[in-house]
Amino acid sequence: MKSLLKSLAIATMLIAPQVASAVELTCSAPVVYVGQQSRDAHDTVVGVDVYYSNGEWQVRHRMGNGSEVNRVNQYAMRDTSNRNMTQWRGESYKYPGILWMTGEIQRDKRTGQPVYVEWFYNRGRLTMNTAAYCKEQVVARRPEPQSVPQPAPQAAPPPAPPPQVAAPAPQQQPPMIIVVPQPAPPPPVVVHSEPKPEPKPEPKPEPKPAAKRDSIPVSIQNNSVMLNVGVGDQTVTMLLDTGATNSVVTGAVADLLVRSGHARWAGEEPYSLADGSVRTAQTIVINEVRVGSHVVRNVKASVTPNRTDMLLGFSVLKAIGPFMIDTRTNELIFVTTEAAL
């Protein structure tokens with residue numbers, strides 16, 4: 001995947017914004033370099049139309065089912081172009097602070113063909129990268145019409161005096177007969193019945209995104225929640241502590257993880273106890289921590305003496321997503337939603 005991204009970066013160069021012109025691009029179906037395109041033919045992008053002029057962006061995706069998706073309706077598009085690149089960035093209206101997108105117009109260094117590239121980020125992590133090759137239509141500003149001096153009009157010669165005509169002798173006028181026409185009868189009045197308005201169909205509510213639910217069994221004893229957690233190549237029982245910033249493992253588990261190459265020492269760090277006192281403890285960085293089907297990488301954990309409870313800190317669960325604990329079924333439940341990009 002890194003080689004594909006590297007080849008794309010080498011093959012393209014940035015397009016500086018054109019102040020005096022508008023850029024219209026008609027692009028083919030995008031190629032997915034990071035992430036996965038939908039397998040449904042009706043939910044697949046078959047073409048992209050891009051318009052840019054003086055900081056204004058319009059990006060429209062044409063779908064396989066004939067519909068269109070406009071980025072301006074999904075993201076708060078903000079022009080971030082400068083003299084070295086033509087680019088926009090936007091935060092998702094539906095999931096602000098979580099989903100971001102960046103779009104940029106580049107040019108293939110070998111062929112000079114324009115390329116429209118998009119990057120999609122979820123919580124700061126790149127989850128999709130696409131590139132579409134385009135045909136370019138640049139419409140330059142029309143020049144202002146120049147005024148052409150017109151010759152001054154020449155004064156017309158004075159009109160010739162009319163010829164003198166002798167007045168005719170008066171003649172006796174014949175009697176005038178005036179015929180008054182009879183008014184036509186008015187047309188019959190036809191009363192048209194007004195058509196009844198057809199009832200408007202009630203708008204259908206938009207379908208809500210389907211919720212995915214996955215749960216992990218826990219053991220609740222004396223108001224404490226215990227669960228099995230995978231650290232490195234072994235599974236240990238840890239106490240769920242939502243008030244702890246870092247996780248805690250015993251010295252024996254830490255030594256085993258470091259020797260097997262699943263963790264590394266990170267030196268000593270201060271931490272606060274519940275009574276307000278501050279102490280220092282040795283810390284390690286665990287390569288992978290598994291909670292059910294979820295994997296969190298590079299987890300920092302403090303090392304405590306043996307025969308003490310190992311803690312699963314809040315930072316691990318926060319990295320996975322929203323969660324709740326069902327005391328009736330003894331489950332740790334993660335709830336996420338799938339929304340279209």
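The model I have open is a predicted one, and I began at the end of helix α2, where Gly261, just after the helix, takes a positive phi of about 80 degrees.

I then looked up which residues of α2, spanning residues 251-259, are buried, and I found Gly251, Val253, Ala254 and Leu257. Viewed down the axis of α2, these buried residues fall within an arc of 160 degrees, so they line one face of the helix. I set beside this the general point that an α-helix has 3.6 residues a turn, so residues three or four places apart point the same way. As for what covers the buried residues of α2, I noted that the cover includes β14 (224-231), β15 (234-241) and β16 (247-250), along with β17 (263-272), β18 (278-291) and β19 (294-304).

Next I turned to Leu312, which I located in strand β20, residues 311-313. I count Leu312 as buried because its relative accessible area is 1%, under the 20% cut-off. Setting aside neighbours within four places in sequence, I found Leu312 in contact with several residues, among them Leu227, Val229, Met238, Leu240, Ser247 and Val291. I also checked Ala301, 11 residues away along the chain, and its C-alpha atom is separated from that of Leu312 by 8.9 Å.

Finally I recorded the totals: the chain comes to three helices and 22 strands, and 30% of its 341 residues count as buried. The chain exposes about 24300 Å², of which carbon and sulfur atoms supply 55%.

Definitions and conventions: Residues numbered from 1 in each chain as written. Predicted model: local features only at pLDDT ≥ 70, side-chain atom pairs only at ≥ 80, totals over all residues. Heavy atoms only, no water. Helix = DSSP H or I, 4+ residues; strand = E, 2+ residues; numbered from the N terminus. Buried < 20%, exposed > 50% of the residue type's maximum accessible area, 1.4 Å probe, protein only. Areas by Shrake-Rupley, 256 points an atom, 1.4 Å probe, with all protein chains shown as cover. Contact = heavy atoms within 4.5 Å. Arc of directions from axis to C-beta.
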